Amino acid sequence: MLAKTFGAAVYGVNATLITIEVTVSQGLHFFLVGLPDSAVKESEQRVEASLKHLGYRMPRQKIVVNLAPADIRKEGSAYDLPIGLCVLQSSEQLSPQRNLADYVIMGELSLDGRLRPIKGVLPIAIEARKQGFKGFVLPAENAQEASIVNNLDIIGVETLQDAAEFFEGKKDIEPLVTDTRDLFQHQINAYEVDFSHVQGQENIKRAMEIAAAGGHNVIMIGPPGAGKTMLAKRLPSILPPLTLQEALETTKIHSVAGKLGTRATLIATRPYRAPHHTISDAALVGGGGFPQPGEISLAHNGVLFLDELPEFKRSALEVMRQPLEDRKVSISRARWAVEFPASFMLIASMNPCPCGYYNHPEKECVCGPGVVQKYLAKISGPLLDRIDLHVEVTPVSFDQMTANRPAETSEAIRERVIRARAQQTARFADQSGIYSNAMMPSQMVKEVCQINDAGRALLKTAMERLGLSARAYDRILKVSRTIADLAGTDDIRIEHLAEAIQYRSLDRENWAG
């Protein structure tokens, strides 16, 4: 007797439907075909132990399990549950009242028949709805995540026996339903940190506001303990709220990477990722034998914070250059390629020198001649070219730390950022793939960021006196356009240019002596 149901394999951030067929016939041995990896092949032992523990029997006949299409590699242990149910039906131990082929079924079995949570549930649920399935049977711990998708019966089960009884009609399991929009509205902007907790550093807060308003990348240069990490952590709280579509995209990536955890639901706040400087190239941008999203994709629609930037491996930083431009990362293998989205804001921080106290107002730098320049040279010009704002951070004085003056809240700053972004949305309405000032290509900068004669004269003087490089020119114009948007003006004024010029510290020829 042939039993048939459906599962799914996740490639990139999308799921592909997999047909699972099981037949029991005369003979011996268990055959699993359809390009399975080791974890899938081991399902024979897990399925057999589960069936015996729950009082069923494993047929001592020839069992053939086919995972189709056969030319797609199947990975992981999530095929245990559909294989187990099909074995029961094919050996006539299960007489289903509900058709197995009407459902997508996924789940990893323990030896006692309980179900363990799996990865990639959200893209599988989206594909199941798209293909017109009645429902999705999966581990109860993953049901909350799958219920984000509406118009699909989400059946969470604790054990293989629960699933068998559900299909036999002996047990009714109510589909889990979540009001996604209501859930999203309640969790949006629920950040644990706030800019009101930061005393002093008004100039850095201003730089962060400009970065958030225009989607600009930022590098902060300052001594240890100046507050660089604290400020970076608070940046997501002043970014515009996620749209529902962005929230689904972000949740999908975290689901594929297995970062959501159990009983997880929609991610409603912008992600913040801060990998350690010992991270490998593949962990940063994604990859591996079976490609998984890296930190830059986990930061999609949010912030990637690289603390102590010069300490990162040169190769790891260089592979970020293309994703910073394309806002996606393509990982190619011999037989196939996957693409992960990677539209993030890069926030980097660094000490000005190995000892950390170059240009410090009170402490003296003990680094030898040429050491500062060598330290800065660890960051390549092409990578620095993709960072719009260079901000010097100075330590907060004792008086500022102990002052009881109320600081501006993230909500107040976010309102100004949203207004500035609204202007940019209107400006780029006809431009595909451009949503903020930071995304403008060079040819568009000339059209959008026009300055008057006085502004041109100021920019020329600044570039000559400060020794600014040519690559700073476009960046200054983009940042000044964002400052003008925050001010609510159509024209870029001379004061907007003047403020933008001061955010190019590392481009000054004499910065490191």
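The secondary structure of the chain comprises 22 helices and 18 strands, where helices (H or I, at least four residues) and strands (E, at least two) are DSSP runs numbered from the N terminus. The model is a predicted one, in which local features need pLDDT of at least 70 and side-chain atom pairs count only at pLDDT 80 or more, whereas totals for chains, interfaces and linings use all residues. Residues are numbered from 1 along each chain as its sequence is written, and side-chain values use heavy atoms, with hydrogens and water left out.

Along its principal axes, the C-alpha trace of the chain spans about 90 × 50 × 45 Å. Of the 513 residues in the chain, 54% are buried, a class defined by under 20% relative accessible area, with exposed set at over 50% and partly exposed in between (1.4 Å probe, protein chains only). The chain exposes about 22600 Å², of which carbon and sulfur atoms supply 47%; accessible areas come from the Shrake-Rupley method with a 1.4 Å probe, and for residues only the protein chains shown count as cover. Among contacts (heavy atoms within 4.5 Å) between residues at least 6 apart in sequence, 75% join residues at least 24 apart. The mean positions of the 57 positive and 60 negative charges are 3 Å apart; Lys and Arg count as positive and Asp and Glu as negative, while His and the chain ends are not counted, and the place of a charge is taken as NZ of Lys, CZ of Arg, CG of Asp or CD of Glu.

Helix α18 (residues 410-427) has 18 residues, which at 1.5 Å a residue should span 26 Å, and this agrees with the 26 Å between its end C-alpha atoms; the expected span of a helix is 1.5 Å times one less than its number of residues. Buried in α18 are Ser-410, Ile-413, Arg-414, Val-417, Ala-420, Arg-421 and Gln-424. Seen down the axis of α18, these buried residues fall within an arc of 130 degrees, so they line one face of the helix, the arc being that of the directions from the helix axis to the C-beta atoms. An α-helix has 3.6 residues a turn, so residues three or four places apart point the same way. On the other side of α18, Arg-419 and Ala-426 are exposed.

Two of the buried residues of α18, Val-417 and Arg-421, are among the residues touched by Ala-212, together with Leu-235, Ile-238, Leu-239 and Met-345, when residues up to four places away in sequence are not counted. Ala-212 is placed in helix α8 (residues 202-214) and counts as buried because its relative accessibility is 0%. The C-alpha atoms of Ala-212 and Ile-418 are separated by 9.2 Å, although the two residues are 206 residues apart along the chain.

Helix α20 (residues 453-465), with 13 residues, reaches 18 Å from its first C-alpha to its last, close to the 18 Å expected at 1.5 Å a residue. Its buried residues are Gly-455, Leu-459, Ala-462 and Met-463. They cover an arc of only 95 degrees around the axis, which puts them on the same side of α20. The face turned away from this buried side carries the exposed residues Asp-453, Lys-460, Glu-464 and Arg-465.

Backbone geometry was also examined in the loops. Most residues other than glycine have a negative phi, and most peptide bonds are trans. The peptide bond from Ala-68 to Pro-69 is cis, with omega near 0 degrees, and Pro-69 lies in the loop between β4 (62-68) and α3 (80-90). His-29, in the loop between β2 (14-25) and β3 (30-33), has a positive phi of about 85 degrees although it is not a glycine, and counts as exposed at 59% relative accessibility. Asn-151, in the loop between α5 (140-146) and β9 (153-157), has a positive phi near 60 degrees and is exposed, with a relative accessible area of 70%.
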